[in-house]
Amino acid sequence: MGVASANNSINIILDYLRDLKEERRELLRKLERRRRQKRLINEEIKRLNKEIKRIDDELKSLRKQLKGLVREG
């Protein structure tokens, strides 16, 4: 293998390595976006769960009040 051929092979490998590194960077960016989306979704789920619990507690209180009114009436 001549020097020119060896240099050509090295350049091909270096190009491939650069492509792999760029692909890795893009995948890491996608992963980070998905992590942020997942965190935002989880925060929204927590907020909704709190709201559901608040409404559920309010309904329980109203049922107790209604039972008290029915007994009195």
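Biologist: Hi! What relative accessible area does Glu22 have?

Modeller: Glu22 has a relative accessible area of 36%, which counts as partly exposed. The scale calls a residue buried under 20% relative accessible area, exposed over 50%, and partly exposed in between, using a 1.4 Å probe and protein chains only. The areas themselves come from the Shrake-Rupley method with that 1.4 Å probe, and for residues only the protein chains shown count as cover.

Biologist: Thanks. What kind of model is this?

Modeller: This is a predicted model, where local features need pLDDT of at least 70 and side-chain atom pairs count only at pLDDT 80 or more, while totals for chains, interfaces and linings use all residues. Residues are numbered from 1 along each chain as its sequence is written, and side-chain values use heavy atoms, with hydrogens and water left out.

Biologist: Back to Glu22. Which residue does Glu22 meet in a salt bridge?

Modeller: Glu22 meets Arg29, with 3.3 Å from N to O. A salt bridge here is a side-chain nitrogen of Lys or Arg within 4 Å of a carboxyl oxygen of Asp or Glu. Arg29 is partly exposed too, at 38% relative accessibility.

Biologist: Which residues are in the network with them?

Modeller: Salt bridges link Glu22, Arg25, Glu26, Arg29 and Arg33 into a network. Glu26 is partly exposed at 28%, and Arg33 is partly exposed at 39%.

Biologist: Why would such side chains pair at all?

Modeller: In general, side chains of opposite charge can pair when their charged atoms come close.

Biologist: And how many salt bridges are there in the whole structure?

Modeller: The search finds 12. One of them joins the side chains of Asp15 and Arg18, at 2.3 Å from N to O. These two sit three residues apart in helix H1, so about one helical turn separates Asp15 from Arg18. Asp15 has 38% relative accessibility and is partly exposed; Arg18, at 48%, is partly exposed as well.

Biologist: New topic: how many helices and strands does the chain have?

Modeller: One helix and zero strands. Helices (H or I, at least four residues) and strands (E, at least two) are DSSP runs, numbered from the N terminus. The radius of gyration is 31 Å, well over the 11 Å that the globule rule gives for 73 residues, so the chain is more spread out than a compact globule. That radius is taken over C-alpha atoms, and the rule is 2.2 Å times the number of residues to the power 0.38.

Biologist: What does the C-alpha trace span?

Modeller: About 105 × 15 × 5 Å along its principal axes. Buried residues make up 0% of the 73 residues.

Biologist: Last one, surface patches. Which residues make the nonpolar one?

Modeller: Ile10, Leu14 and Leu17 make a nonpolar patch of about 240 Å². Leu14 lies in helix H1, which covers residues 3-72, and is partly exposed at 37%. Patch residues have over 30% relative accessible area and no salt bridge; like charges are joined within 9 Å, and nonpolar side chains (Val, Leu, Ile, Met, Phe, Trp, Tyr) within 5 Å.

Biologist: Which residues form the positive patch?

Modeller: Arg63, Lys64, Lys67 and Arg71. Lys and Arg count as positive and Asp and Glu as negative, while His and the chain ends are not counted. The charge is placed at NZ of Lys, CZ of Arg, CG of Asp or CD of Glu. Lys67 belongs to helix H1 and is exposed, with a relative accessible area of 53%.
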